[in-house]
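Okay, hi everyone, thanks for making time. Let me put it up on the screen.

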Amino acid sequence: MRRILTVILCFTSLTLLFSCSSSRKLSNYVPFTRDLRQKLEKENIDLKQVQFYVDQKLVLNRNMGDQKLVVTSGVVKMENGKYVNEVVIPQLTPGILQETDNDRLMVSFEKGSNQLAFGPGSGYTINNYVLYGTQWQNGTAQVNYDSEKFRARCGTCSDVASALLVIRKKELDKWERKSRTVTGRTVGK
């Protein structure tokens, strides 16, 4: 009897462990695309009600030089005798849509004026919403964040242009499922 109880307890513990960890697997997410956006807008779904995530770890750095140290977000580090403000956005961090600007979505991952621009890419990512930036070099880009210019790099990939905006598959299923219940038919009516 004791052995059966131990097996049941182990099985229950493992089930709980795997069910909790599986919600953070990348396979549970799908890229947010132009097609998906058009579909949601056609169904009159407000994009501000969609929970967005970023599929890669993003690291934003800003060289502060010798200026007075005032940092509102992120961490201040000293590198090579200069102060650097670093903001880390971990993989699958949830974000919300703050505003839209044509095809561009301004997504915020924390409170304040810290939003990143995502929009349709180019080349093989033309349909996916990717991180927007300027002055691209060596897999990094300059982005505006917290009213300052930061250099963005991907912490889990070689090129920040690979960072996609994604949503959970579960959310997509909720919107795509249409259901109706039939009442049946009776003879003679």
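So, searching the whole structure turns up 5 aromatic pairs. Keep in mind as we go that this is a predicted model.

Let's take Tyr29 and Tyr53. Their rings sit edge-to-face, with 5.0 Å from centre to centre and 70° between the planes. Where are these two along the chain? Tyr29 belongs to strand β1, residues 29-31, and Tyr53 to strand β2, residues 52-54, so to speak two distant parts of the chain, 24 residues apart. Both Tyr29 and Tyr53 are buried.

Next up, Phe32 and Phe52. That's another edge-to-face pair, 5.0 Å between centres, and here the planes are 85° apart. Again distant parts of the chain get linked: Phe32 is in the loop between β1 and α2, Phe52 is in strand β2, and they're 20 residues apart. Buried or exposed, then, for Phe32? Phe32 counts as buried, because its relative accessibility is 0%. Phe52 is buried too, also at 0%.

How many salt bridges does a search of the whole structure find? It finds 3.

One of them is Asp103 with Arg34, where the closest N and O atoms are 3.7 Å apart. Asp103 is in the loop between β6 and β7 while Arg34 is in helix α2, so this pair ties together parts that are 69 residues apart in sequence. Asp103 is partly exposed at 34% relative accessibility, and Arg34 is partly exposed at 32%.

Then we have Arg37 and Glu41, with 3.0 Å between the closest N and O atoms. This one stays inside helix α2: the two residues are 4 apart, so about one helical turn separates them. Arg37 counts as buried at 8% relative accessibility, whereas Glu41, at 37%, counts as partly exposed.

And Arg62 bridges to Glu148, the closest N and O atoms being 3.4 Å apart. Here we're back to distant parts of the chain, with Arg62 in strand β3 and Glu148 in strand β12, 86 residues apart. Arg62 is buried, with a relative accessible area of 11%, but Glu148 is partly exposed at 35%.

That's it from me, happy to go back to any of these on the screen.

Conventions: Residues numbered from 1 in each chain as written. Predicted model: local features only at pLDDT ≥ 70, side-chain atom pairs only at ≥ 80, totals over all residues. Heavy atoms only, no water. Phe/Tyr/Trp six-rings, centres within 6.5 Å; stacked < 30°, edge-to-face > 60°. Buried < 20%, exposed > 50% of the residue type's maximum accessible area, 1.4 Å probe, protein only. Salt bridge = Lys/Arg side-chain N within 4 Å of Asp/Glu carboxyl O.
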